[in-house]
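Thanks for making time this morning; I would like to take you through a few details of one structure, so please have a look at it on the screen first.

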Amino acid sequence: MKNLIAIEVFKLFKQSKTYYALAAICIIEFLILIGAYFQGNAIIDILLSNLRDSFYFEGSLLNGNLLIYLILNTLWFHLPLILMIVISGMLTSEYKDNTIQTVMLQPIVKWKFILSKYIIAIFFTLGVVIITAISSFLLSYLLFGKGDLIVYLGNLNFFQSEDAQYRLQLAFLSGMVSMVFFSVVSLTLAVIFKEATKTWIVAALFLIITNLFLKFEIESTFFNEWFFPKLNNTWQYFFYQEIPWNIIYHNNIVLTLYTLLFLGVGVLIFNKRDIG
């Protein structure tokens, strides 16, 4: 198993799309920061012109904490899409090049082979989120400094700089669960469809539909508390005045169970399927 994992790491970082994906994430961050640098103050002044007479804000509202929050909001669609393309390519490229048949001629257990890909997919996803978080904090604080954070979630919530930094860190940690979920789903879709183009289209459709369901408001306990689309926005709960820890724990545990379910389905299908 260790050898399979080592081989998967080598193959992942040998393919050029991995580096294109990392570059794409950096470009998105850069564009957000550049846009905020040139237009951010004007937008904030318009939005909060009436509030400045009633509230005192420490430092500039256009600060690193606000930029990190904006990056969080922007990346939770782009980041899983990029990850799904890279992760699914770990398997679809082998089907395309017919190398998987050669691999299966070796004394390799099929379920261990595909499980090693899932393990690397999970660790790669965690690594990408960590890199994104670190770069977001460093660049945002370097360019804009620290300050109070204002967030609108039904009403305006204000957080002092240190509290905002703590909440943003927790939001990234919670977001890892969601990113791992989408990565595992993409690899399972690759197991099912084999072909890269089909897998990417279905993966993108899955992501879009999940985000659409997230916006739906339905009076249903199952839909709101147990259906996976409603669980992918859990990181936002860290920006309520009182953090609802019970909801956060529940959502992340349930989403982890969904992740394990998709992983199990992928391993089962791959193990039962005739590769040839």
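**Helix packing and a kink**

Let me begin with helix 6 and helix 9, which are roughly parallel to each other, a label given to angles under 35 degrees. What we are looking at is a predicted model, in which local features need pLDDT of at least 70 and side-chain atom pairs count only at pLDDT 80 or more, while totals for chains, interfaces and linings use all residues. Residues are numbered from 1 along each chain as its sequence is written, and side-chain values use heavy atoms, with hydrogens and water left out.

Helix 6 (residues 161–193) packs against helix 9 (residues 245–272) at an angle of about 20°, the axes being 8 Å apart; these axes are lines fitted to C-alpha atoms over the stretch in contact, with angles running from 0 to 180 degrees between N-to-C directions. Among the residues making the contact are Tyr166, Leu170 and Phe181 of helix 6, together with Trp245, Phe262 and Gly266 of helix 9, where contact means heavy atoms within 4.5 Å.

Turning to helix 3, residues 64–97, we find a kink of about 50° centred on Leu75, the bend being the angle between axes fitted to the seven residues ending there and the seven starting there. Helix 3 is largely enclosed by the rest of the structure, because 24 of its 34 residues are buried, meaning under 20% relative accessible area with a 1.4 Å probe, protein chains only. At the start of helix 3, the backbone nitrogen of Asn65 has a side-chain oxygen of Asn63 within 3.0 Å, and just after the helix Asn98 adopts a positive phi of about 60°.

Terms used
Helices (H or I, at least four residues) and strands (E, at least two) are DSSP runs, numbered from the N terminus. Buried means under 20% relative accessible area, exposed over 50%, partly exposed in between (1.4 Å probe, protein chains only). A polar contact is a pair of N or O atoms within 3.5 Å; within protein, one must be able to donate a hydrogen and the other to accept it, and residues adjacent in sequence count only if both atoms are side-chain atoms. Angles under 35 degrees count as roughly parallel, over 145 as roughly antiparallel, 65 to 115 as roughly perpendicular and the rest as oblique.
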